[in-house]
Amino acid sequence: MSSVKIECIASEGYGIGESPVWDAKESALLYVDITGRKVCRWSSVTKQVQAISVDAPVSSVALRKSGDYVITLGTRFAALNWKEQLVTTIAHVDKDKSNNRFNDGKVDPAGRYFAGTMAEEIRPAVLERHQGSLYTLFTDLSVVKHFDQVDISNGLDWSLDHKTFFYIDSLSYSVDAFDYDLQTGKIGNRRSIYKLEKEESIPDGMCIDTEGKLWVACYDGGRVLRLDPETGKRLQTVKLPVDKTTSCCFGGKDYSEMYVTSASVGMDKEWLSRQPQAGGVFKITGLGVKGVPPHPFAG
């Protein structure tokens, strides 16, 4: 696999870069900086980053069928009009938990927006536990809560046949699978398909490739793992030049490029001097697999 090439495409040093998603219409990569409260868009044409500042920690961004984007902002699902730089609240969750915020989110194959919450961190990966929940914003803009007692709601995706929902609660150090009903958006029968090893550290964001294999970014592990959800085996490890890798997605013209976000929050001067690209966004080519285009929110 010597053909794998890693390049830093945005070295802005984000606090917590997250939720990369490819926007084919703009030939651009969308992502957020949670602590920097910014939604960013890197153009593969101009190689420039545009950013919109928002009024709360913004933890995920997704495409919207009607154009523009949806985001998770604080404890709100919201719509983002890029041109007008305008944010409109759609729905509010966890109203009784003032210390909570959304974390990762993604749209399912039927156009519903899944996203989970967590307590605000005291330090990276240190927080009040069991405060989060997993939610779905349906296309009629109603919200359903699936379960609570979540530590850090994180990576999510769906199997190619849409019958399995994959999910990560980071501090469980496990990648889990649920039976998935595409008609109703209901999930059930939770089980662990992969437990992380010590040096792999904390599972964070994830995505799926066209062979049905999962890619999981490891926070503090400085790597992305390729896993077989059928056998529970690790197939490949791609190491990055930064420790705090947070999430990954496929993009580019034919979805053969992988984009990986990272964080710099909690790193001291000495650590940052060893890893000057911490908080950057990386492009990986030569993996020999392609990804699945993101689903747009249909509401």
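Strands are DSSP runs of type E with at least two residues, numbered from the N terminus. In this predicted model, E18 is found in one such run, strand β2, which covers residues 17-23.

The unreviewed UniProt entry lists E18, N154 and D204 under "binding site". These positions are spread over 187 residues of sequence, yet they cluster in space, with a largest C-alpha distance of 10.3 Å. E18, N154 and D204 also belong to the lining of the largest cavity.

Two members of this group can be followed more closely. E18 has a relative accessible area of 2%, and because buried means under 20%, E18 counts as buried. Setting aside residues up to four places away in sequence, E18 touches Y31, V32, I34, S59, D104, N154, D204, T246, S247 and T261. D204 lies in strand β18, made of residues 202-208. With a relative accessible area of 6%, D204 is buried as well. Beyond its neighbours within four places in sequence, D204 is in contact with E18, N154, G155, I168, S170, V216, A217, Y219, T245 and T246.

Strands of a sheet pair through backbone hydrogen bonds, either parallel or antiparallel. Here, 4 strands form an open sheet in the order β2-β3-β4-β5, with antiparallel pairing. β2 and β5 (49-53) stand at the edges with a single partner strand each, so one side of each has no neighbour in the sheet. On average, neighbouring strands of this sheet are turned by 20° against each other, direction ignored. The partner of β2 is strand β3 (residues 28-33), and 5 bridges join the two antiparallel strands. Within this pair, D23 stands opposite A28 in β3.

Strand β16 (residues 174-181) and strand β17 (residues 186-195) pair over 7 bridges, and D181 stands opposite K186 in β17. The hairpin has 4 residues between the strands, and G185 takes a positive phi near 80° there.

Attention now turns to the nonpolar interior. In soluble globular proteins, nonpolar side chains tend to be buried together. The largest nonpolar core of this model has 28 residues, and those with the most contacts inside it are L29, Y31, W215, F250, M258, V260 and L287. At least two residues of this core come from each of β1 (5-10), β3, β4 (38-43), β22 (245-251), β23 (257-262) and β24 (281-285). Another core, of 21 residues, lies apart from it and includes V21, L30, I52 and I71. As for V260, its contacts beyond four places in sequence are V224, L240, T245, S247, C248, G280, V281, F282 and I284.

The last stop is G299, in the segment after β24. G299 is partly exposed, with a relative accessible area of 22%. Although G299 and G288 are 11 residues apart in sequence, their C-alpha atoms are 34 Å apart in space. Not counting residues up to four places away in sequence, G299 touches R64, S66, G111 and T139.

Key
Residues numbered from 1 in each chain as written. Predicted model: local features only at pLDDT ≥ 70, side-chain atom pairs only at ≥ 80, totals over all residues. Heavy atoms only, no water. UniProt positions renumbered as here; feature names shortened; annotations may be inferred. 1 Å grid on protein atoms, 1.4 Å probe; cavity = no way out; pocket = protein on both sides within 12 Å on 5 of 7 lines; lining within 4 Å. Buried < 20%, exposed > 50% of the residue type's maximum accessible area, 1.4 Å probe, protein only. Contact = heavy atoms within 4.5 Å. Pairing = 2+ DSSP bridges. Axes fitted to C-alpha atoms, helices over the stretch in contact; angles between N-to-C directions. Core = buried A, V, L, I, M, F, W, Y, C linked by side-chain atoms within 4.5 Å.
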